[in-house]
Amino acid sequence: MRTFWTNLRTSALGVTTIVTASDANGTILMVGGSELLGHRRPDDLVEDLRGGYVTPGFWDSHFHLTEYGRSFDRLRFDAGDTRADILARVQEHAGTRPTDEWIIGAGWNRAAFEAGPDKQRLDRAGIGHPVLLMSLDYHTAWINHAAERRLGVSTGGNGILREGDAFHAQAEAMRQSAADPAEDAARGMREAAKLGLVGVTTIEDVLGLRALQSLPDGTTRIRTQVFLRDGDAEWLMASGLKAGFGTDFLRIMGVKLFMDGALGSHTAWLKHPYDDQADNVGMSVLGEQRLLDTLKQLAEQESVAAVHAIGDRAVHEALRAFHRWPPRSGAIKSRIEHAQLLDDEDLELAARTSVALSLQPCHLLFDRPIADVSWGQRGRYAFRIRDILGALIDTVFGSDAPIADPNPVWGLWAAVHRGLPGDPPWYPEQGISVRDAIRSYTEVPARIDGRPSGRLEPGCWGDMTVWSEDLEASLIHKNPEDIHVAATIIGGRRVV
Ligand SMILES: [Zn+2]
C-alpha cells in the first residue's frame with residue numbers, strides 16, 4: 001500500500017504528484033506529474049492536497065520542546081510591558097490560584113522598566129505565592145521572598161538571578177510545581193506540527209528526555225533530536241554514547257554547552273565593552289579549558305556539541321576550540337548556537353572549521369533595538385546571514401521556542417526582509433533569498449544531522465509541509481500573517 005499525494009504544487013515545474021511508501025518513514029518513491037497516477041494499484045491510497053504548495057518538511061534546529069509545551073500554561077509578557085503591567089498581571093493571576101502554588105511567567109524585558117525589577121513589589125503582587133518570572137531571553141529570573149525560601153537561595157534587593165542560577169531556579173520551580181513533562185512534550189509536539197514543523201532539535205534535561213520516551217497514547221508525533229544540557233549529560237559522556245543514537249523519531253545527539261549569556265541581559269561575552277556599559281564585556285560561563293576538555297572527550301566518543309555563543313568573544317573561543325577538536329561523528333556536525341556577533345576574522349575562521357552555525361533569524365526582529373544601543377556600530381556584524389552563506393558555512397535556522405514564536409514563516413520573513421512588515425530593514429545587505437532561507441529549514445539541517453530527508457526526492461523520508469500558497473512568492477508579496485500551513489505530513493502520514 002502506497003500513498004499518492006496529488007493535486008499539489010512544488011518549486012519544480014510540472015510536479016503534481018508525490019508517492020510515498022507505507023514504511024515507518026513513508027519513504028518517497030516517485031515525484032512527478034499526473035501520469036504517475038497510472039501506476040496506482042487497487043490497495044494504494046490517494047490524498048488530494050487541493051492545490052497546496054509542498055516543500056520539504058520544515059525542521060526547527062533550536063527548540064525547547066517540553067518548555068514550549070509548558071509555556072501555554074504560563075503568564076506570558078510582551079517585551080514592551082512595564083513593571084506595573086507585569087505586577088498587575090501577577091496579582092490578578094495569583095488571586096485565582098490556590099495559595100502556595102508557584103506563579104511562573106516569562107517574557108519580561110528589563111529595557112521596558114525605568115526603575116528595574118524589585119523583590120518587595122513582587123512579594124505584594126504575589127500575595128504569598130512563590131513567583132518566578134523569566135526574562136525575554138530566559139537568562140535572568142526575577143523572584144520574590146517566597147520563591148527564595150522555596151528554592152533555598154538568596155538574592156539582593158531586586159530579586160534577580162542570572163545565567164546558571166536562573167536556569168537552576170527555573171528547573172527547581174518546575175519540579176516543585178509538579179509539571180508533567182510528558183504532557184508538556186505532547187502539547188509542544190501538537191502545537192509545533194500545526195506550524196508545519198516535522199521535527200525539532202530540542203535542548204532538554206534528563207526529565208525532558210524521559211518525557212520524550214513516555215509520550216501519552218495518541219500523541220501527534222513529530223521527530224525529535226535531543227541535546228542534553230551540560231550538567232545533565234555526565235552519564236552521556238561516561239556511557240560513550242555516539243551522536244545520533246536512537247530511532248528515526250527520537251535521537252540523542254550530544255551535549256549543549258554555554259560559552260556566554262545573552263545580549264538582553266548584557267551577559268553575551270564580547271571582545272570589546274558594551275556601548276551602553278563601558279566597563280562590561282559580558283560573561284564567560286564555561287571557560288576555554290573546560291570547553292576544550294569537553295570537546296576533546298566528545299570527539300573521542302564520536303559525539304557532538306551544540307555550543308551556545310552569542311557575543312563575538314564567545315563565538316571566537318568556540319570556533320578555536322572546534323578547530324582544535326573537530327568532531328569525528330561522520331555526517332553529524334557539531335554546531336554553534338546563535339553566533340549573533342561574528343567579526344570578519346571569525347567569519348573566515350568559521351569557514352575553515354568543521355562546525356555548522358545554528359541561527360535564529362526571528363530574534364533580530366526583537367533584538368534589533370537592543371543591539372543598536374548595546375553593540376552600536378558592531379550591529380553590522382550581527383545576524384550577518386548573507387555573509388555566512390556567502391562563506392559556504394553550513395547554516396541552519398530555528399527559533400529557540402518558547403523564547404520566540406516558532407512559526408517558521410517569521411524566521412523566513414526575518415531572514416529575507418530583516419525587519420517587521422512595514423519597518424525599514426535592519427542592515428538590509430544581510431538579507432537572503434527566500435529559497436536559501438527555506439533550505440536552512442529543510443535541506444541543510446537534514447545534511448548536518450545525517451538524516452535522509454529535507455528534499456522532495458525518491459529515497460528521502462516522506463516529511464512534507466503543505467502551504468496554503470506558493471511560499472516563495474508569498475514571502476515577497478504577502479503579509480506573513482496571511483501565509484498558512486494546509487497540512488503537515490510526517491513519515492508519509494498526515495498529522496495536521
Ligand atoms: Zn535555547
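Mentor: Helices (H or I, at least four residues) and strands (E, at least two) are DSSP runs, numbered from the N terminus. This is a predicted model, where local features need pLDDT of at least 70, side-chain atom pairs count only at pLDDT 80 or more, and totals for chains, interfaces and linings use all residues. Residues are numbered from 1 along each chain as its sequence is written.

Trainee: Why does Gly240 count as exposed?

Mentor: Count the other C-beta atoms, placed from the backbone, within 10 Å: 20 or more means buried, 12 or fewer exposed, and in between partly exposed. Gly240 is exposed because its count is 11.

Trainee: How far apart in space are Gly240 and Gln297?

Mentor: Along the sequence, they're 57 residues apart. In space, C-alpha to C-alpha, the gap is 9.1 Å.

Trainee: Which strands are at the edges of the open sheet with S6 to S10?

Mentor: That sheet has 5 strands with mixed pairing, in the order S6-S7-S8-S9-S10. Strands pair if DSSP finds at least two bridges between them. Two of these strands pair on one side only: S6 (75-76) and S10 (160-162).

Trainee: Which residue in S9 is the bridge partner of Leu132?

Mentor: Strands S8 (131-135) and S9 (140-143) run antiparallel, joined by 3 bridges. In S9, the partner of Leu132 is Ile143.

Trainee: How far apart are the C-alpha centres of domain 1 and domain 2?

Mentor: The domain assignment, automatic or from a database, gives domain 1 as 1-57 + 455-496 and domain 2 as 74-176. Their C-alpha centres are separated by 45 Å.
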